[in-house]
Protein chains: 2
Amino acid sequence: MKKYSEMTKEELQTEVAELKKQYKKYQDMDLQLDMSRGKPCTEQLDLSMGMMDVLNSSVDLRCDDGTDCRNYGVLTGIQEARELIGDMMENHPDNIIIYGNSSLNVMFDTVSRAMTQGIMGNTPWCKLDTVKFLCPVPGYDRHFAITEYFGIEMIPVPTNEEGPDMDMVEELVSSDESIKGIWCVPKYANPSGYSYSDYTVRRFARLKPAAKDFRIFWDNAYGVHHLYDDKQDYLVEILAECKKAGNPDLVYKFASTSKITFPGSGIAALATSLNNLDDIKNQLKNQTIGHDKVNQLRHVRFFGDIHGLTEHMRKHADIIRPKFEAVEEILDNNLEGLDIGTWTKPNGGYFICFNAMEGCAKEIISMAKKAGVKMTEAGATWPYHKDPHDSDIRIAPTYPPLSELKTAAELFSLCVKLVSAKKILEKMN
Amino acid sequence: MKKYSEMTKEELQTEVAELKKQYKKYQDMDLQLDMSRGKPCTEQLDLSMGMMDVLNSSVDLRCDDGTDCRNYGVLTGIQEARELIGDMMENHPDNIIIYGNSSLNVMFDTVSRAMTQGIMGNTPWCKLDTVKFLCPVPGYDRHFAITEYFGIEMIPVPTNEEGPDMDMVEELVSSDESIKGIWCVPKYANPSGYSYSDYTVRRFARLKPAAKDFRIFWDNAYGVHHLYDDKQDYLVEILAECKKAGNPDLVYKFASTSKITFPGSGIAALATSLNNLDDIKNQLKNQTIGHDKVNQLRHVRFFGDIHGLTEHMRKHADIIRPKFEAVEEILDNNLEGLDIGTWTKPNGGYFICFNAMEGCAKEIISMAKKAGVKMTEAGATWPYHKDPHDSDIRIAPTYPPLSELKTAAELFSLCVKLVSAKKILEKMN
């Protein structure tokens, strides 16, 4: 196919006219499709229905150590859950707190605690004039919402296939004491789907922050969310790496079973150094007597061990892999060679990131919406919802049924072509 | 029996010698009993085992409105849970947010939000030099721990059988803008077991706070926790009363099913005005995508409706009523007429409050501990753990088996007598 940029004005006008006709056809179909959020589909949820059977009224709800999960107590989570999630997070159970149903909530609480109490005896952030976070972009909108909510200034940091621009991260973190954190989704990142390289992780572990209370917010949300058995990204374990680098307290690591069992009814966890853990426990004991131990036990009994969980994730992959592949194939077929966008081809996670021509993302998403396909809103992957290039689009292929997804991806490709062609034409005038 | 205060020195010395002998016997028994925390006992937990059966892999986990409880979403809780808990709290479902597993956590978050964001556009409390809370005493230690944690100054307010000293509350709240809240356990209070009178509630609803962001933290933890079918306290509903008084936004009301189903695996809720609710939702959406809907559904399916929940509470009462009565009987038998202490006889809740002679509580609790009976630590019912009279002792009769409880109560009575007799003797010297 000929690159749009190499087409003549007349060729482009013909193309636009043809695309408009096709778009009209989609409009007439009254579609109602959704590629906006990273939600598991019904078939994925069905995989965990067995979890509803492992506990019943004839089952003893006591832990191995005799703790009755039905009663108060156990602030950091039951031991068997810490072991299972420890295996999943590649951390020692002693370094883990099992929380409630949402790792987002754990991250929120972690920032909130730093605001009102400070980290390990440092000045509470709410007492400082300026607090800044680095925000690798494109990134996760809900991360940025937390820091925005607390009035924390966000500095975008570009990323590539290896992770964030570490030259920039090192430079900023070591020179500016008001930089207190960085949001990272290091594996199968939201939204690129790519994972940080070994080199990137090692540079993270070796940061020399100007601020004593600088922390890496390492949201390993997709640590076990592979699409393939043979093609899997490997992420260097950050806690171990920080310890080796003499920076044991540098990182808070988050994970959950939200996209493993049931979103909203899973268990979330934080892994960090024992020093950080003590700091957190001293706070947490004022906040709650303990999280939902019955649900922790339910998860442990359902999976048995990490092998059970791994097998379970293969079933998820079998359901969503065809969806990722379908979207990629449709983008390939429709857009390859036109030079009007690039897109990622991740080995795991929940997203594909589409990089449109500068200034086109909003319009593409708007056109898709008008034809009945909901995408994540433009700019969402940037702090303050402001994508300066108006270029990043997050595609979430997991939730819609395959046939609907294909239609949505076709329409999306069409919108990309139409908006891009019109953009190039505009520039010609 | 003769009052200790009317005994001669010799009589008292004989009494002390005799009591010491008895105490020695208890010490030799190597007891390990616990009357320290308001925990349901195993038989109470067994009442809710049926809740483990209502959801299984053959059950449809969708709400009446079609929401799949297994997936993300529904920030304020599923409609049927809001209805059930609304009936329980005597509030309209629209005024309710269903949270996670802990109302303590909801209260913590509510204070935390006021600290960092402020209430309804008012200055965040963390930006103010002084923030104060009124703390009716004796009160709940975990309430006081939250305000202490956030550096909020606590002012004790005496209570009697009608509730807090409302003259003092009105005077302070209307004159001091730095007073931002008051902790209340209005029904079967922790630890007195008494409920606020109608007059007290009406005066609360009619407060004229100097601070626009003053809120009543109304922890109705024991709203349906009656001990008797015929002798039940009735509490005027505070939201309705505030609305009538032209103060609709004055109160945050909290409740949970922690002592109804499983502590730690129940559901918590907040009821408040729609204005407050909007303020809270605007914050909450940054903190979480939603709480555990499957557990909400589990509760709804288990109880069916408020009648089911009421019947369930009767079964709890049948289990714990004999425990309260046993303690009261033992205190009556051992201490009545000695004039060395008073104690409450509540119609519900989880506690009996014992009022020892001034300066005796610490020593009584310490002696009980040395003989193997754990009580709530002295001072816990006061802000900063400082009971200026060293007098209040919280007795929690629900958790130990009846026979153990009786032994513990006998020993406790003995410690009260021994410490009091020695105290009076001291004064004679």
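Leaving aside its neighbours within four places in sequence, with which residues is B:Ile364 in contact? In this predicted model, B:Ile364 is in contact with B:Ala356, B:Ile393, B:Cys415, B:Val416 and B:Val419, once the residues within four places in sequence are left aside. In soluble globular proteins, nonpolar side chains tend to be buried together.

## Chain A as a whole

Chain A contains 13 helices and 13 strands, and its C-alpha atoms fill a box of roughly 75 × 55 × 35 Å along the principal axes. The radius of gyration of chain A is 23 Å, which agrees with the value near 22 Å that a compact globule of 429 residues would have. Of the 429 residues in chain A, 53% are buried. Where contacts in chain A link residues at least 6 apart in sequence, 77% of them join residues that are at least 24 apart.

## Two domains in chain A

The chain is divided into domain 1, which is made of 4–44 + 310–428, and domain 2, which covers 62–303. Taken over C-alpha atoms, the centres of domain 1 of chain A and domain 2 of chain A are separated by 31 Å. Between them, 27 residues of domain 1 of chain A are in contact with 30 residues of domain 2 of chain A. On the side of domain 1 of chain A that touches domain 2 of chain A, two or more residues each come from helix H11 (306–335), strand S11 (352–356) and strand S13 (392–395) of chain A, and H11(A) gives the most, with eight residues. By class, this side of domain 1 of chain A has 14 nonpolar, eight polar and five charged residues.

Helix H3 of chain A, residues 79–89, has as its buried residues A:Ala81, A:Arg82, A:Leu84, A:Ile85, A:Gly86, A:Met88 and A:Met89. These buried residues of H3(A) pack against strand S2 (96–98), strand S8 (251–256), strand S9 (268–271), H10 and H11 of chain A. After H3(A) comes A:Glu90, whose phi is positive, near 65 degrees.

## How the two chains meet

Across the interface, 42 residues of chain A are in contact with 42 residues of chain B. On the side of chain A that touches chain B, at least two residues each are supplied by helix H4 (103–116), helix H5 (141–149), helix H9 (274–287) and helix H10 (293–303) of chain A, and H4(A) gives the most, with six residues. The residues of this side of chain A divide into 18 nonpolar, 18 polar and six charged.

Chain A can be laid on chain B with an RMSD of 0.0 Å by a turn of 180 degrees and a shift of 0.0 Å along the axis. The two copies are thus related as by a two-fold rotation axis. The same surface serves both copies, since 100% of the contact residues of chain A recur in chain B.

A:Thr110 is found in helix H4 of chain A, and it counts as buried because it has 22 C-beta neighbours inside 10 Å, where 20 or more are needed. B:Ser192 lies in the loop between strand S6 (179–184) and helix H7 (198–205) of chain B, and B:Ser192 likewise counts as buried, with 27 C-beta neighbours inside 10 Å. B:Leu402, by contrast, is partly exposed, with 15 other C-beta atoms within 10 Å; B:Leu402 lies in helix H13 of chain B, which spans residues 402–428.

The table sets out one C-alpha to C-alpha separation for each of these residues.

| Pair | Apart in sequence | Apart in space |
|---|---|---|
| A:Thr110 and A:Phe217 | 107 residues | 9.3 Å |
| B:Ser192 and B:Ile395 | 203 residues | 9.5 Å |

Apart from its neighbours within four places in sequence, B:Ser192 is in contact with B:Pro138, B:Thr159, B:Thr344 and B:Cys353. B:Leu402 touches B:Pro322, B:Lys323 and B:Ala326, when residues up to four places away in sequence are not counted.

Key: Residues numbered from 1 in each chain as written. Chains lettered and ligands numbered in written order. Predicted model: local features only at pLDDT ≥ 70, side-chain atom pairs only at ≥ 80, totals over all residues. Contact = placed C-beta atoms within 7 Å. Helix = DSSP H or I, 4+ residues; strand = E, 2+ residues; numbered from the N terminus. Nonpolar A, V, L, I, M, F, W, Y, C, P; charged D, E, K, R; others polar. Rg over C-alpha atoms; globule rule 2.2 N^0.38 Å. Buried ≥ 20, exposed ≤ 12 C-beta atoms within 10 Å, placed from the backbone. Least-squares fit on C-alpha atoms with pLDDT ≥ 70 in both. Domains from an automatic or database assignment.
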